[in-house]
Amino acid sequence: MNKILEVRNLSKIYGPGCPLCIESTGPDADTNLCPHCGSVVAIHDVSFDLFEGEILGVMGESGSGKSTVVKNLYFDQAPSSGEAIFFDSDKQHDLFSLNAAQQRWLRNHRFGMVYQNPNLGLNFNISAGGNIAERLLMSDLMDYGAIRERAKSLLARTEVLLSRVDDLPKHFSGGMQQRVQIAKALATQPPLLFLDEVTTGLDLSVQARILDLILEIQQELKTAMVVVTHDLGVIRLLTGRAIVMKYGRVIESGLTDQILEDPQHAYTQRLVASAL
Amino acid sequence: MLPPILQVEGYGKHFQLHEQNKLIPSSHNVSFSVRRGELTALIGPTGAGKSSVLKGIYRTYLPSAGRILYRTARGQEFDLVRASEHQILELRHSEIGFVTQFLHCLPRQATLDVVAQPLIGLGVTRNDARQRAADLLSAMSLPERLWSVSPATFSGGERQRVNLARGFIAKPRLLLLDEPTASLDPKTAEAVIGLIERLKADGVAMLAIFHHPETTRRLADQVVELAPPPAIEEILKDLA
């Protein structure tokens with residue numbers, strides 16, 4: 001097994017920051033808000049490795065910083081400090097020292113993201129097919145016929161009715177919007193996919209079918225994924241390893257069955273006990 | 001004689017429950033070894049920590065003390081207590097299997113695919129894997145009409161057969177069995193015993209907990225008796 005992503009000491013602070021921010025926040029301080037300068041320490045000192053074809057879970061409650069982790073890695077935001085190396089076949093990319101154009105290239109070609117809110121992942125003013133075409137165009141596929149065929153096959157793969165390929169995503173149900181997002185993210189067959197609370201807020205039966213789809217894709221394409229969720233069911237179903245976050249810090253990491261059956265940290269024990 | 005495939009030395013496990021501020025002992029100072037083509041049975045009263053030993057070997061539990069030395073097919077030796085998460089995942093994928101009392105599988109997946117999955121993971125084609133799964137399920141007389149539906153709605157005994165077939169199919173080098181025949185009728189239990197004997201003949205090393213002493217007597221080459229762990233104060237004194 002080869003490493004695909006190495007994240008070291010990733011930190012993100014919103015606000016001016018002060019020398020007391022770190023010691024005044026975190027799970028022991030029971031807050032992520034620095035009482036001295038009012039900054040929010042969204043994440044601090046987050047490190048993990050991801051291997052090819054592996055699904056890593058990032059779990060925690062709202063405000064734990066779990067979404068901030070993937071937003072930094074997908075270049076939606078810049079971290080305050082830290083390092084991430086992306087291993088792409090024989091090349092290595094030091095993510096946060098790349099320039100904007102290089103970052104955009106990786107986003108468009110090698111990474112995929114599915115957001116909880118389809119508004120962030122889809123352009124609601126163009127058709128479902130157009131959304132996928134947009135991503136294919138950004139990754140240098142230029143032939144109209146080829147783009148249209150590829151968009152159709154992706155939508156078929158994610159079980160979106162082909163009769164709706166020219167409809168606007170805003171007229172779709174929530175579950176269908178997520179399917180279009182997944183199709184769009186997969187358009188370039190990226191080796192690395194970020195999923196941020198993709199089933200939150202959907203009906204249970206729709207959730208189940210989306211999770212099935214994600215697993216099928218993972219088994220077919222061996223895509224490595226980072227799955228952010230507060231839902232222990234999703235963690236159990238999708239992931240092999242997981243990290244647990246609270247107030248911006250990683251408090252525990254391990255094999256998923258171990259975290260669920262033998263959680264070490266007091267917080268994880270409470271989280272697991274309250275879910276059973 | 002070949003060296004053992006698994007050597008457990010002074011294994012101990014206790015749980016620290018932060019909420020109640022308590023330490024709960026589960027296993028203490030357990031030592032034994034397991035050889036290829038042999039079945040080692042763990043016996044002892046409820047609370048002696050039998051399942052805890054199996055889960056410690058599989059890393060579902062993080063051991064509190066001791067070493068668990070595993071020798072791979074390539075002759076490398078790993079201490080499973082200290083091996084990295086990815087090393088453990090790799091061993092689970094290719095060498096170490098675990099049949100628990102509960103079936104954790106993906107919902108909405110046909111039984112045949114649930115059983116075939118470990119073989120497909122090893123690179124066997126889907127058709128061949130499903131054929132092998134069908135053979136195993138019929139050997140355990142799971143009615144064919146159930147093969148295409150998800151095990152989610154199955155009875156305890158049906159589910160256990162699915163679980164066993166899934167554990168047996170890839171013939172792991174080391175197979176951990178936690179009460180594999182507990183909820184089976186006598187005829188099916190007999191079929192499972194036959195399959196376990198075949199795995200032994202194929203060289204699979206097994207570490208098992210059986211519900212019935214009679215099953216232990218018939219299948220075990222070696223019996224390890226566990227006693228309930230002493231009070232936590234004694235254990236901590238030992239570890240200090």
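Visitor: How many residues of chain A are in contact with how many residues of chain B?
Guide: Good place to start, and bear in mind that this is a predicted model. Two or more residues each come to this side of chain A from α7 (204–221), β10 (249–255), α9 (256–261) and α10 (266–275) of chain A. The contact joins 18 residues of chain A with 15 residues of chain B.

Visitor: What classes of residue make up the side of chain A that touches chain B?
Guide: The elements that give two or more residues to this side include α7 and β10 of chain A. By class, the side of chain A that touches chain B has 5 polar, 6 charged and 7 nonpolar residues.

Visitor: Which strands are at the edges of the open sheet of 6 strands in chain A?
Guide: Follow the strand order, which is β6-β7-β8-β3-β9-β10 in chain A, with mixed pairing. An edge strand here pairs on one side only, and that holds for β6 (111–114) and β10 of chain A.

Visitor: In which sense do β3 and β9 of chain A pair, parallel or antiparallel?
Guide: Strand β3 covers residues 55–59 of chain A and strand β9 covers residues 241–246 of chain A. One bridge joins A:Leu56 to A:Arg241 in β9(A). Over 4 bridges, the sense of the pairing is parallel.

Visitor: Why is one side of β2 and of β5 in chain B left without a neighbour in the sheet?
Guide: The open sheet of chain B has 4 strands in the order β2-β1-β4-β5, with antiparallel pairing. Strands β2 (22–34) and β5 (77–79) of chain B are at its edges, so one side of each has no neighbour in the sheet because each has a single partner strand.

Visitor: Which residue in β2(B) is the bridge partner of B:Tyr11?
Guide: Strand β1 of chain B, residues 6–17, pairs with β2(B) in the antiparallel sense over 9 bridges. For B:Tyr11, the bridge partner in β2(B) is B:Val30.

Visitor: How do the directions of α3(B) and α5(B) compare, and why?
Guide: Helix α3 (residues 111–121) and helix α5 (residues 156–168) of chain B have axes 7 Å apart and pack at an angle of about 30 degrees. Angles under 35 degrees count as roughly parallel. Therefore α3(B) and α5(B) are roughly parallel.

Visitor: What is the class make-up of the contact of α3(B) with α5(B)?
Guide: From α3(B) come B:Thr111, B:Val114, B:Val115, B:Gln117 and B:Pro118, while α5(B) gives B:Val162, B:Ala165 and B:Arg166. The crossing of these helices, α3(B) and α5(B), is right-handed. By class, the residues of their contact divide into 1 charged, 2 polar and 5 nonpolar.

Terms used. Residues are numbered from 1 along each chain as its sequence is written. Chains are lettered from A and ligands numbered from 1 in the order in which they are written. This is a predicted model: local features need pLDDT of at least 70, side-chain atom pairs count only at pLDDT 80 or more; totals for chains, interfaces and linings use all residues. Two strands pair if DSSP finds at least two bridges between them. Two residues are in contact if their C-beta atoms, placed from the backbone, lie within 7 Å. Ala, Val, Leu, Ile, Met, Phe, Trp, Tyr, Cys and Pro count as nonpolar, Asp, Glu, Lys and Arg as charged, and the others, Gly among them, as polar. Axes are lines fitted to C-alpha atoms, for helices over the stretch in contact, and angles run from 0 to 180 degrees between N-to-C directions. Angles under 35 degrees count as roughly parallel, over 145 as roughly antiparallel, 65 to 115 as roughly perpendicular and the rest as oblique. A crossing is left-handed if the near helix is turned anticlockwise from the far one by less than a right angle, and right-handed if clockwise.
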